[in-house]
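Hello,

Here is the structure I promised to hand over. Please have a look, then read my notes below.

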Amino acid sequence: MKKLLVLLGIIVLCLLAVGYFGSVTPVENIAGMEDEVPGDGIVVGFSQLGAESDWRTANTESMKSTFSEEKGYEFLFDDAQQKQENQIKAIRNFILQEVDYIVLAPVTETGWDTVLQEAKDAGIPVIIVDRMVDVADNRLFTAWVGSDFELEGKKACEWLHAYTKLKSIPAENIHIVNIQGTIGASAQIGRTASLRRAAKDYGWDLLAEESGEYTQAKAREVMGSFLKQYDNINVVYCENDNEAFGAIEAIENAGKRVGKDIESGEIMIMSFDSTNAGLTDVLEGKIALNIECNPLHGPRVQSIIETLETGGTPDKQAYVEEDMFATDTSVTSITVNGFNYPVTKLTEAVLKERTY
Amino acid sequence: MQTKKANKLTVSELFGKLLSQQIFIPIAALLLLAIFNLIADPSFYKITYGINSAGAPVLSGYLMTILDYGSELAILAVGMTLVTAASGGQDISVGATIAIAGSVILRVLCGTNSRPDTLQAPIIVAFLVACVVAMIFGAFNGVLVAYFKIQPMVATLILFTAGRSIAAWINNNELPIISDPVFSYFGGFIPGIPIPTPFFIAAAVVAVAALALKFTNLGLYTQAVGINESSSRLNGLNPAFIKFLSFVILGLCVAVAALIKVSRLSSINYSVIAKDIEMDAILAVALGGNALSGGKFNLTASIMGAYVIQFLTTTLYKFNVQSDALPAYKAVVVIFLVVISSSVVRDYLRNIGSKISKKGVA
Amino acid sequence: MQKKRKTLTDANLLLTITIVVFFLMYIGAILFQGKGFLKPQTFFNILNANAALLILSCGMSVVMITGGIDISVGGVTALVSMCCAVYLDYHNGNVLGAVAIALAIGLAFGIVQGFLVAYLDIQPFIVSLAGMFFARGMTTIVNTNPFNVANEEFVALKNVRIIIPGMGSLNKLGKYVNAYVEIGVIIAILVVIILFCVLKWTRLGRFFYAVGGNSQSALMLGINVKRTKFLSHLLCSLLAGIGGFVYFMHVGSGAASHAMGAEMNAIASSIIGGTMLTGGVGNIIGTFFGVLSLSTIQNIVSSAGLDQAWWTGITIAAMLCLFLVIQSVVMARKKK
Amino acid sequence: MKDKAVLEMKNIHKNFPGVRALQGVDFTLCEGEIHALMGENGAGKSTLIKVLTGVYGKDEGQIFIKGREDEILIKSPEEAQKAGISTVYQEITLCLNLTVAENMFIGRENNVYQNWEKMNTDTTKILKSLDIQAEATQELGSCSIAVQQMVAIARAVDMECKVLILDEPTSSLDEQEVEKLFKLMRDLRAKGVGIIFVTHFLDQVYEVCDKITVLRDGKLVGEYEINDLPRVKLVSKMLGKDLDEKTEESKKYRIYEKKSGAVPVIETEGLYSNGGIKPFDFNIYKGEVNGFTGLLGSGRSECVRAIFGADGILGGTMKKNGKTVKITKPIDAMKNGIGYLPEDRKVDGIIGDLSVRDNIIFALQVLRGFFKPFTKAEANKFADEYIKLLGIKTASANTPIKSLSGGNQQKCILARWLLTNPEYLILDEPTRGIDIGTKTEIQKLVLKLAGEGMSITFISSEIDEMLGTCSRLVVMRDRKVVGELSGEELSQSMIMSTIAGGEK
């Protein structure tokens, strides 16, 4: 009995400790437990692949705020913790719960045919966000909202090309390492492909490629080993901001400097996503170029759903608008596929205006 | 089991004597690795002196990496050694508890805003709060093990399962980032000192542990309980409390390791932070030659073991072994160690040894 | 004590608690979460998604009944998935070959681990910890990147659905959809039945209980304790191999991160199912309900739209804690 | 091999680290006889049985079984069963988590399948025939200890065996059950089964046995026909004192002169514990040496454990120097100046892997408290002092205690308690398993300490040791105090007859 009491006491202490911190910001109220009346609002089920990066959190947040109760939605969220099986399970759950729309941010591109077919058979439209799915029949999903990752990559490479040309650095003196994203993710595929092509076209020295799994810790590890293997690295191509943070740390720990002056021995960091923290580093000059990858998919998805609700047919592909930010203003715009993209010089004011 | 009669030491006896020196195992492993690296690529030992972005002088190189990352392992090894000695089992929840303690530190430092411009509380306060929380969770494990008599590995399975979730809960699943450079000193470099800070923290922990062992009976009691619980009880000890205490102490070590871990990133990733570190910590204890079934321990050997493991890890990294493939190599080392130290094998070897020496005499 | 009293034995008590908890939970889910849980397919989806876990848990129960533990099963599952995936896609293998690979991997782990535990008398936790390390590491060495298997024969097998006659529900469009299970579920159920029979009606099965209950007594009763321990580990690893293939059939891909933490889920399921850690007590039926309870919790958490993934971890741990304490109290009572 | 012999063991040797458990023991069992194996604790009975049943391997010697020409090698209990040897061990060696029926049949058959129905009906039949109050399907753990013991017996009996070994089967049975067992044994004897019967109850030996083999200190004392060995003689053989010798008449009993009005150092009233003893009263005065005597299992150890708080105290009071004290755990006793050298040195005494020094200072260190460790110099001083004082033979104070010989280990434990300078010291079998020289040393030390004013309770299986040191003996039988002897009553014959149950 005494033992039970002691244990109870300790559990209470644990809960208090945790509860105190947990309750400082209100815990998301546990909605949907009761009185779930169908037809009450539009029920949207969102299968998010995980919460591995700031970008991802912003993406989730955008969805949550868009499909809020006040706006007449009921939002079911599932965090798959980077496992496709969990996402498939979640989608099946959504189907059985007869949600009105399923939004899917897939963890990988392949392996979705069966479950999307099930959703289609149940008459539930599926909207894919962020990464693309690779299915035999494109009719299995209703629409896709996201970024053109290959375009993002091209933008970055074009900028590097323009910048080095301006500084008249010969192409063979550009030694690049690529810290890739999670292998198999659309963003990784697109961004890596663009870099490889550009390196070939422009004759850059692409030293090595390894996955940093979009995380800071892993990227730092990878960068650390790159630095030990090659002592001539001057450009690091990071496929998201968190990887850039890791790379910067590793470089600084190794006693080298990051910056845009690659002639003077600085290592240039190029990054994607343009999260708030990432842009702060741009402002500080640590990241030379940051291509935006807009996570605010919520409004786009909402407009697709509204179109569907009114009986319309939405566009199959909807790209979100994306900017690019650089510390250096020498390159003001670049041209990819005939389109002209301006390069924004980042200022405090610009940073303040951004929502993520 | 050596016979005193033999004037000359036979090979097996010499071997046995060497083996019986506990610290021999980690030192031998360290030498083996060191020599291997020296032959394979002497540049392994290159240490370069540079200036980091903050303008501070730093030393870098593989040896520094070992010193840096081995230190957090050494801190955990201190606590894990005590738990192993007292309870005859291991705590597999340290990784998850590091996530909790780390999360608490960030929570206190950040307050309600996950991206504060200034710290909401002094770092020392955050650290102390984390210590208390980690010790409470250690106490939870301790109660289950000592008073409910649940096997340590299974009792700690609970926090192993829930720990990272609790850590995420504490920060509402946000990923706070601390921008204050001072915070990053603990896992990086203090300006002006070119040696990684974790090494100093580990040294401090080891010093505290050494003092505790010198000025209290912690060591004697822990070993006595681990070796012979019944006899300890008859000599006036409370074995359950000693076991409980060892888990609380481990909690404290966990909090220190958590400070280093979150300081390295100035942030936290709940599912990745300190992943599998419990396995490395257990391995450090085993590599230190401590019996995993409890009893006598040697803290120095455990700490050596921790650095040896980091040495092994770094060596493998150097040879481009992927981080995910590391466990396979470590597994081979573990199996080798446990097989060598298993009583069956030792008896067998001893028998062979004595047979050979008998034949030699005859 | 001399009276012939029908008392609830400890084992039955634990089993009863588990079953009651499971049904309460499911009924609660139906009451509070409505339509989703009323559909039979929800239940079958739980089975589909957890067939592999069920097989792993059965193996784990056997080892735990014999007084050991095996934490390598998750790693073995991942290794089996990856090896089969690589074999099917990169080496143009056929499904039968993949099955053979799965069984061979399980057997190999079983023999080595069993030998180390039973004949060299090394703690099972440490042995299987190394086994887990090795399996996880080997998975990455076999192939680093996760990929979906495209082998047609395999994909066809993966998509086989066994219709449950007489069960089904209307979907959103008002169309009647039959409830189905995947092949893996059939295999899992078979494993449950076979193992139940083995444990109940074979000599070996009863040896497991005897050795777990008191290995010293078992030795005195004329049981070959070492061989029994060896066989329990062998059986567990072999089931991990089978479970690995079932898992592979469910996810259809190979990845190093597959079945992460599956060993802990299997242990938790066994404990919730009334298997005693100290050995000698346990029941496959209990394990079956343990797995169901565990996965139902996960399902409830996600269906409730609780947007924090960590709820799952916390609820499972809380449940585990509860059952461990119950066991400990039962044991303490027994000693008195 | 003799004609009628069903089992023959020749020149059996068995050594454990530090102990020579069996030294050249011969043993012969004939068909249709009940053969008692007698000896005090540590004499080697259980070891002999475990060697025979393959639990331990023998170091030397041969075993022959009827029907086989060659020497038989038994490596495991499984093989022993196959060779026709079935055993009921001293401790209950059944699996409590299995049903009664399973415990009857497990490990006996070679079928892959387990036929529950047949097993249950067979078991029910056996249970009924033996009148055991249990159901076949019941979990064994839910049965009383007596039933468990009967089930173990039923299992052994049910096996078609040539040799049946019963190692202390009656310790937890009541009279009726013992009667049943004896009837069973006689039936089996009639069928030609050889039975080895180990017990501490002399009555039982004389009731059923045909022959007696006595072991002492791992050596064979002799084999006797039951009629040639009267009870008192048996006791003297077991204890190693021949009553015919003149020691009987040397009336050198010790007398303690109690000062008038003295209050006992320790006094208990109706104390009892969960160790399974009946409430007992006990007292000891300053400078007195007294002892508990009785055969093994009579409860003498449990009494002193209760005084020391080592078992859970269920009732009774305890006074120290006339003041009531509450002792519930060992540390309470230690704080009240009580020291306890436990009976089982290995399990309760030494802390094997620790050094001699740490083992010596251990109790005093615990008394001193957590935050006041001795410095190395202090510890070494204490250790060296006592190593010298008691003549402990060790390479150094740093040597792990487990590598010392039994006698030296015992001296270390003794040193441990002497260091705490107790008012009252309990020595439970301090002389067991150690060489003669050390035994004498310890006895001398006890007398010296008593002379200095320490009160000592001394327990030993060897009566002359007790006589040599104690001035008062509390005699125990069946977990009860049955008498107290002092003064002229302190003689071998008197003690033995009190132990044996009042007969001469």
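**What was found**

The centres of domain 1 of chain A and domain 2 of chain A lie 30 Å apart, taken over C-alpha atoms. Domain 1 covers 42-141, and domain 2 covers 149-294 + 322-353; these bounds come from an automatic or database domain assignment.

This is a predicted model: local features need pLDDT of at least 70, side-chain atom pairs count only at pLDDT 80 or more, and totals for chains, interfaces and linings use all residues. Residues are numbered from 1 along each chain as its sequence is written, while chains are lettered from A and ligands numbered from 1 in the order written.

H12(C) (residues 262-272) packs on H13(C) (residues 284-303) at about 120°, with axes 7 Å apart. Axes are lines fitted to C-alpha atoms over the stretch in contact, and angles run from 0 to 180 degrees between N-to-C directions.

Next, chain C against chain B. 32 residues of chain C are in contact with 39 residues of chain B (C-beta atoms, placed from the backbone, within 7 Å). H6(C) gives the largest share of the chain C side, 11 residues. H6 (124-142), H12 and H14 (310-335) of chain C each supply at least two residues of that side.

Back in chain A, 9 residues of domain 1 are in contact with 13 residues of domain 2.

Best wishes

How values were computed. Two residues are in contact if their C-beta atoms, placed from the backbone, lie within 7 Å. Helices (H or I, at least four residues) and strands (E, at least two) are DSSP runs, numbered from the N terminus.
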